[in-house]
Amino acid sequence: MYKKINFRLLPITLGLAIATILPGCSLFGKKGTASEKLNRRGEVTGVPKRSNWQQNLPYDMVPVKAGTFWMGQADEDIAYTQSSLNKQITISEFFMDKYEVSNNKYRQFLESVKSGTYENGTSTTLKDPPQLNYDELKPDTTVWSTSFSYHYGDPLMEFYFDHPAFDNYPVVGVSWDQAKKYCEWRTYYMNANDDSDFDGPSFRLPSEAEWEYAAKGGKDIAKYPWGGPYLKNKRGCLMANFKPGRGNYIDDGFAYTAPVDVFAPNGFGLYNMSGNVAEWVLDAYATTASSITWDLDPVYDDPNEPRKVVRGGSWKDIAHYLETSTRAYEYEDVAQAHIGFRTTMTFIGRSGSMDVKSSNRRRR
């Protein structure tokens, strides 16, 4: 029995001996991976041992897969603007905020700027902190009175941004310039506090084409984010927060804005792409934009044009402005009681795959 056991262990013993002796005789060559050995021989294989990087889905964002769609008018151009001509374009994949930026999320931004606290640990970002002025970033709460003639907006002017009752409501009174500053802060805040040695793509406002593609929710031609052409569902309930009739603001359940997570999301899981608050996008406004921009990821970027595109319609607008193709604008330094925003992020990866899950997102 003793000899039988030794006989079974003999191959293992010989294997260990060979593995110990042969490297010392240089019979296996120098240590290292195949690419490192090739590099030592003068071959070019790339820098070895680069750490893997995976783009994770940020909190409260949804992935929007790449696709081709018809951008432009989905119904009659009742305003005769001819500013939304049909054009087939392709959009690359990106991430988008599930909700409009809320009062409480914007408040976190302000408190971070006020305290100068952008990092919760050791900074890992390759960029310098953004230069932000707290006093220039506060929402203009007076818009609740100044945006409308002879309107009693004092209660909202006093409570809307500061009171916890409105924490989950969309921030308003924010200009295009302030929305861009929020994106700068959020980019640095994420990159400075994650555990990666490499910065990810920046948060930014969506391009007008990205916004319309996302609003359609995966449908090629859709009058509204839920498809259309009706404004009510089968139970007779309005599908968005808007002005359904002259002098009528309450039939959808809210006289002014609504919480950012009410009403059903569209096919991409995005809430309130129409109604509630209109949304700033990246593009400058021009009636000829569709005819002069490219048909792959178009964006009309004109720093000399102070008018910026606003999309989606709001709580105070009629149904025409809720259409996914309707274009409007406001001046970049003007804040209104009906305009908010949401952010996007470019996805770096294989086109069309979007193999990203929220469960794979690193905990920050």
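Trainee: Which loop holds E93?
Mentor: This is a predicted model, with residues numbered from 1 along each chain as its sequence is written. Local features need pLDDT of at least 70, side-chain atom pairs count only at pLDDT 80 or more, totals for chains, interfaces and linings use all residues, and side-chain values use heavy atoms, with hydrogens and water left out. Helices (H or I, at least four residues) and strands (E, at least two) are DSSP runs, numbered from the N terminus. E93 sits in the loop between β3 (87-91) and β4 (94-97).

Trainee: Is E93 buried or exposed?
Mentor: Buried means under 20% relative accessible area, exposed over 50%, and partly exposed in between (1.4 Å probe, protein chains only). E93 has a relative accessible area of 4%, so E93 is buried.

Trainee: How far apart are the C-alpha atoms of E93 and P63?
Mentor: Along the chain, E93 and P63 are 30 residues apart.

Trainee: How many helices and strands does the protein chain have, and what percentage of its residues count as buried?
Mentor: The protein chain has nine helices and ten strands. Of its 364 residues, the percentage that count as buried is 45%.

Trainee: Why does the distance between the ends of helix α3 agree with its residue count?
Mentor: The expected span of a helix is 1.5 Å times one less than its number of residues. Helix α3 (residues 103-115) has 13 residues, so it should span 18 Å. Its end C-alpha atoms agree, being apart by 18 Å.

Trainee: Which elements are included in what covers the buried residues of α3?
Mentor: The buried residues of α3 are N103, Y106, R107, F109, L110, S112 and V113. Their cover includes α4 (134-137) and α7 (176-193).

Trainee: Which residues have the most contacts inside the largest nonpolar core?
Mentor: A nonpolar core is a set of buried Ala, Val, Leu, Ile, Met, Phe, Trp, Tyr and Cys residues joined through side-chain atoms within 4.5 Å. The largest has 24 residues. Those with the most contacts inside it are Y106, F109, W280 and F341.

Trainee: What is the geometry of the aromatic pair formed by Y106 and F161?
Mentor: Rings of Phe, Tyr and Trp (its six-membered ring) pair if their centres lie within 6.5 Å; planes under 30 degrees apart count as stacked, over 60 as edge-to-face and the rest as tilted. The whole structure has 27 aromatic pairs. In this one, the centres of Y106 and F161 are 6.4 Å apart and the planes are at 75 degrees, which makes the pair edge-to-face.

Trainee: Where does F161 lie, given that this pair links distant parts of the chain?
Mentor: Y106 is in helix α3, and F161 is 55 residues apart from Y106. Y106 is buried at 0% relative accessibility, and F161 is buried at 10%. F161 lies in the loop between α6 and α7.

Trainee: Which class of pair do Y224 and W226 form, stacked or edge-to-face?
Mentor: Y224 is buried at 3% relative accessibility, whereas W226 is partly exposed at 24%. Their ring centres are 5.0 Å apart, with 15 degrees between the planes. The pair is stacked.

Trainee: How far from the ring centre of W176 is the charged end of K308?
Mentor: A charge sits over a ring if NZ of Lys or CZ of Arg is within 6 Å of the ring centre and within 35 degrees of the ring normal. R307 lies over the face of Y329, at 5.0 Å from the ring centre. The charged end of K308 sits over the ring of W176, at a distance from its centre of 4.5 Å.

Trainee: What phi does Y150 take?
Mentor: Most residues other than glycine have a negative phi. Y150 lies in the loop between α5 (143-146) and α6 (154-159). Y150 is exposed, with a relative accessible area of 90%. Y150 is not a glycine, yet its phi is positive, at about 50 degrees.

Trainee: And what phi does N276 take?
Mentor: N276 lies in the loop between α8 (208-215) and β6. N276 counts as buried, at 0% relative accessibility. Although N276 is not a glycine, its phi is positive, at about 70 degrees.

Methods
Contact = heavy atoms within 4.5 Å.
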